[in-house]
Amino acid sequence: MSSNILLSLSGGLGLFLFGMTLMSEGIEKAAGAKLRNILELFTRNRFTGMIVGIIFTGIIQSSSACTVMVVSFVNSGLMSLYQAAGVIFGANIGTTVTSQLVSFNLSKIAPLFVLCGIIIVMFVKSESVKKIGDIILGFGVLFMGLSIMSSSMGQMREDPELVEFLSRLHNPVIAIILGMLVTAVIQSSSVTVSILLLMANQGLIGVGIVLYVILGCNIGACASATLASLSGKKDAKRAAMIHLLFNVIGTIIFFIILQFAEEPIISLLRKISADNGRLVANAHTLIKIFQVIILFPFSGLIVKLTYLLVPGEDKKVGYRDSFTLKYIGDKVVFNPATAVVDVIREIERMADLASENLNRAMNALITLDQDDIDEVYEVEKNINFLNHSITDYLVKINQTNLPIEDLRSIGALFHVVNDIERIGDHAENVADDAITRKEKGLNFSKEAQREMGQMLDKVNDIVRFSVEMFAKGKTEHMTHVSVLEDEIDNMEHRLQNAHIERLTKGECTPDAGMIFSDIVSGLERVADHAVNIAFAITESEEE
């Protein structure tokens, strides 16, 4: 093969890969958050999960991206393995959309797509529209790369040594291994099948052996999800194993069928295909559909098999565990489309710690229990650790290919982390007051204790409503939060006035009264932080 042909082929492949990546990432950034919500909402059973998997993968043009996202969902606990199985099965059908598009050969109008995409990217200011430009540009570049590869392969037919080498490729097992290795390196079965499609169109490879190479491509496509799962939890590894088992078992079944019915299958494919390129695309689609039909009834057994292949359970990380990240960090699966979801869950865990610590501190203020006081300070160290770790993680993911909607919420998440950390600081301040009270032997009147307890109850309510509104999107709490904010503000003024009355009547000592005033003011500020948390995301979206 001449160096010119090799360079031309490499350039075409590079354009094809770049175009596919640009198109896939553009779709993920433009609609990733919406697609993620669809994936989360409509996967309650395996059948609907399969349908969503087909549509989702058909849109983003990558079963690897879909499967990695599913693995990260399972890793975060947002999706069970049984739900993941349905989506993964569907993703295997959806991935054939790319080869179907390629088989229609839109290379002649590809320059038009490139021109339109470049105009949008260069001259439109809206980030959302720019991402649409990336999709259009990627689509055009993809087909220009195909055109270059197709032209190069036309010249390859004149190379007798290459033609002879390809004509010797008759061993089905070698063909499967070849397809598996090439796809594992490229990390896209769609790309490998598209190359096969062009080769078949140019007569460089026999139709019969192509079927076996496609089977190998299916196994090689599992590389991305398998690699992504290595840093994840046991269930993330099991989700990747579902993908691998589906393709390995499906390949074995179809391999056996081909040994007895290769000619009838090829004859059927020729009847429904206009040319060899369409035949390869149709073969890819039909193989996947066949595998899903055969294996879908046994998806539950495949899930159970993953527990045998990946035994054991992860160490449970509770929300109280010190200096440990549960949903983010180096020990979980990272995926841009689910990164913000994972951060929100970690922030929710931090909020639970801060809220519990505030109540512990208030209890210690009354009981003067030294163990509670010491624990307040220890938990505060953990809250500070989470504050720094989550902030660092937000900085890191802000530089990745996040969906546009998620990018808009990053600033709000920084503020929420800061507000929660400030709630933790207020708990520490209360513990300081408990120590002061203990050292000086100060006492609160029954009335003062009752008033602080009433205000704490309202603060607990507003914190709970606010965290649920932020973390779970429960906008129905908006009214509760607004009403509680007004009630707590009014209560703070009322209690401060009552406190002054007790001081003037001599019912309260100045030192105890100062602590009481600080506590009431601190609880009112905690409520203010809770309001900031509740409206952080909605205000970010409005901006």
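Ile423 is found in helix H18, which runs through residues 404-440. In this predicted model, the residue has a relative accessibility of 4% and therefore counts as buried, the cut-off being under 20%. Leaving aside residues up to four places away in sequence, the partners that Ile423 touches are Ala354, Val526, His529 and Ile533. A further residue to look at is Ala351, whose C-alpha atom lies 8.6 Å from that of Ile423, although 72 residues separate the two along the chain.

Stepping back to the chain, the secondary structure consists of 21 helices and zero strands. Contacts between residues 24 or more positions apart make up 81% of those with a separation of 6 or more. Of the 543 residues, 53% are buried. The radius of gyration is 30 Å, whereas a compact globule of 543 residues would have a value near 24 Å. In keeping with this topic of overall dimensions, the C-alpha trace spans about 105 × 55 × 40 Å along its principal axes.

As for confidence, the mean pLDDT of the chain is 85, with 92% of residues at 70 or more. Among the elements, the highest mean pLDDT, 93, belongs to helix H17 (residues 370-397), and the lowest, 66, to helix H8 (residues 160-167).

Methods:
Residues are numbered from 1 along each chain as its sequence is written. This is a predicted model: local features need pLDDT of at least 70, side-chain atom pairs count only at pLDDT 80 or more; totals for chains, interfaces and linings use all residues. Side-chain values use heavy atoms; hydrogens and water are left out. pLDDT is the predictor's confidence in each residue, from 0 to 100. Helices (H or I, at least four residues) and strands (E, at least two) are DSSP runs, numbered from the N terminus. The radius of gyration is taken over C-alpha atoms; the globule rule is 2.2 Å times the number of residues to the power 0.38. Buried means under 20% relative accessible area, exposed over 50%, partly exposed in between (1.4 Å probe, protein chains only). Contact means heavy atoms within 4.5 Å.
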